[in-house]
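Biologist: I would like to go through this model one feature at a time. Please show me how to read each one.

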Amino acid sequence: MLRRLSLRDFVIVCELDIELGAGFTALTGETGAGKSILIDALQLTLGSRGDAGVVREGAARADLSAEFDVSPALAAQLRPWLEEAGFDTAELDERGGRLLLRRVVDAQGKSRAWVNGGTATLTQLRELGEQLVDIHGQHAWQSLTRADSVRALVDAQAAVDTAALQSSWAARREARRRLDEARARQADLERERERLQWQIGELAKLAPQPDEWEALNAEHTRLSHGQSILDAARVALDMVSEAELNAEGLTSRAIDALDEVAGVEPRLVNALEVLREAQAQLQDAAHSLNGVLGHTELDPDRLGELDARLSAWMGLARRYRRQAHELPELLQAWQAELAELDAATDLAALERDATQAHAAWLKAAQAASKLRKQAAPQLSEAVTAAMQTLGMAGGRFEVALTPQEEPQPWGLETIDFLVAGHAGSTPRPLGKVASGGELSRLALAIAVTASQHAAAQRGAQVATLIFDEIDSGVGGAVADTVGRLMQGLGAAQGGEQEGAQGSRQVLAVTHLAQVAACAHHHLLVSKSLQGGQTTSDIRSVDDEARVQEVARMLGGAISDTSLAHARAMLDAAHTQADTPASAGHSPKRRNKETA
């Protein structure tokens, strides 16, 4: 459950540290005081989108952190995920532990996040948040009139694998698209296929190979210059060693002349060595020239073959407006395109693919339908029972599953919420027969039912429930019932394995005195002007201070009558349900005023 929430420079909060306990905590205050500020801060810490607007005016950044006490069951569930993501799990063991989430948003709107001190993404924060907190907003009733929200709520109750359903629908849609496209373009595809076959046939006759163009050019250049190469090599060989007067002979004579006197004149030794090196190099050159003359042949037939092949390459390159060296790659591309067209014109294979994809989707859809049919009456019964205590006695709630004539991404049926406001009436679509107040009460009934179901499904691992003014539109005796519901949720124990940490935590922003009176703990939100800046202050109220706040909520002006009424309400609310002190400590608040 949420143990501590710390805010720094958030909207109109300068600095605030608040500790929360188990049970039902009410947040109240004057209109505009910022009662939802804690909820907004918590949602931001749990990965909701934030921008520069959340930073207090004049501050560099907003810094938010939330500390959670984790039950043993949830610790066991989260540990593998945390370890895989690289987060510290030193404070989590078989007895539970602690989880710290932090979020910073600067004045430019840039955001950073941490989990147990390790850098985290917003997606990771949201994934953790889904395991830690259930939040029901003040406009929850609006979702009851939207088909997608209704379907999501029922699917959550039914534990439908919506990801598998969506994936199979996407595969089905793609298979049908390919089939429909092939049928519509069959004539065009066949013409395109024939064109490609002809072009591939032209290139296949040439059979161009990778790197062949460069090799052909090199060989052609060598053969076309064969006579010039032979003539140059012969002249060079004559001058080096075979003419009557040649370089090698003259060098030999120079060596002989110097060799006779080098012993007398040491300065000639260096010149003699140079001449001997030159003689050796001339001999090497003569050897190489002889090799060229011995292996260079004039092959007019081969040269003609090369001319013909190069001409064929150039002709096809001009025809298809490509560089000659690109022809092998072009042939491969056309062959791949032809293979795709062959597949696209194979209607039998495409029909088999579409049939198989539809069968896979139908299997997933039928599994979803089975789960929905099991969950629908259970949800209907639970919400109907809750309606009886929320001023709608005799009313009835139904989850209607209507088969679809055509397959839809979400399955085989549409899901509608029907309601009968009183006994004997026929249930009709909720949005057509329910008033605003009834919608709010129904939303509350569904939220409570969904929370209880989620707790049962998860082994009561999500210990924190948050209601943000979900009780708007109700009053009188119904408001008292709403308060009792919240009180009962807050007092509910989790699984035995959770021990002392098993108590549920309910946090509700409310404007109803009857609801606030039922809370185990009470936080008062107020707003003031200090140092030219508006700041929001949150403090825990007990005893007489709480009586004063409940009296204010009853009628605005505080009188002896309203005070007496407030005391009576608080006494009555807690006569039947004692504060669960053993389940957690009372909220504590530390707030530093604006400097």
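Biologist: Which residue in S12 does Leu 418 stand opposite?

Modeller: Leu 418 stands opposite Pro 429. This is a predicted model, and the pair belongs to the contact between strand S11 (residues 411–420) and S12, which run antiparallel and are joined by 2 bridges.

Biologist: What is the strand order of the open sheet of 3 strands?

Modeller: The order is S10-S11-S12, and the pairing is antiparallel. S10 (396–408) and S12 (428–429) are the edge strands; each has a single partner strand, so one side of each has no neighbour in the sheet.

Biologist: Which helix lies across S10 and S11?

Modeller: That is H14, which runs at about 165 degrees to S10.

Biologist: How do I read the packing of H14 against helix H5?

Modeller: Two packed helices are described by the distance between their axes and the angle between them. Here the axes of H5 (residues 147–158) and H14 (residues 347–388) come within 8 Å and cross at roughly 100 degrees. Angles of 65 to 115 degrees count as roughly perpendicular, and H5 and H14 are therefore roughly perpendicular to each other.

Biologist: Which residues in H5 and H14 meet?

Modeller: From H5 there are Arg 151, Leu 153, Val 154, Asp 155, Gln 157 and Ala 158; from H14 they meet Leu 371, Arg 372, Ala 375 and Leu 379. By class, this contact of H5 with H14 has 6 nonpolar, 1 polar and 3 charged residues.

Biologist: What about strand S3, and how many of its residues are buried?

Modeller: In a regular strand the side chains alternate between the two faces of the sheet. S3 (residues 23–29) is mostly covered, with 7 of its 7 residues buried. Its pairing with strand S14 (residues 505–509) is parallel and has 5 bridges, and Thr 25 stands opposite Leu 507 there. Strand S15 (residues 521–530) also runs parallel to S3, joined by 5 bridges; in that pairing Thr 28 stands opposite Leu 524.

Biologist: How far does helix H6 reach from its first C-alpha to its last?

Modeller: H6 (residues 162–184) has 23 residues and reaches 32 Å, close to the 33 Å expected at 1.5 Å a residue. Buried residues in H6 include Leu 165, Trp 169, Arg 172 and Leu 179.

Biologist: And the chain as a whole: how many helices and strands does the chain have?

Modeller: There are 20 helices and 17 strands. Of the 595 residues in the chain, 44% are buried. Among contacts with a separation of 6 or more, 72% are between residues 24 or more positions apart.

How values were computed
Residues numbered from 1 in each chain as written. Predicted model: local features only at pLDDT ≥ 70, side-chain atom pairs only at ≥ 80, totals over all residues. Heavy atoms only, no water. Helix = DSSP H or I, 4+ residues; strand = E, 2+ residues; numbered from the N terminus. Expected span 1.5 Å × (residues − 1). Buried < 20%, exposed > 50% of the residue type's maximum accessible area, 1.4 Å probe, protein only. Axes fitted to C-alpha atoms, helices over the stretch in contact; angles between N-to-C directions. Parallel < 35°, antiparallel > 145°, perpendicular 65-115°, else oblique. Contact = heavy atoms within 4.5 Å. Nonpolar A, V, L, I, M, F, W, Y, C, P; charged D, E, K, R; others polar. Pairing = 2+ DSSP bridges.
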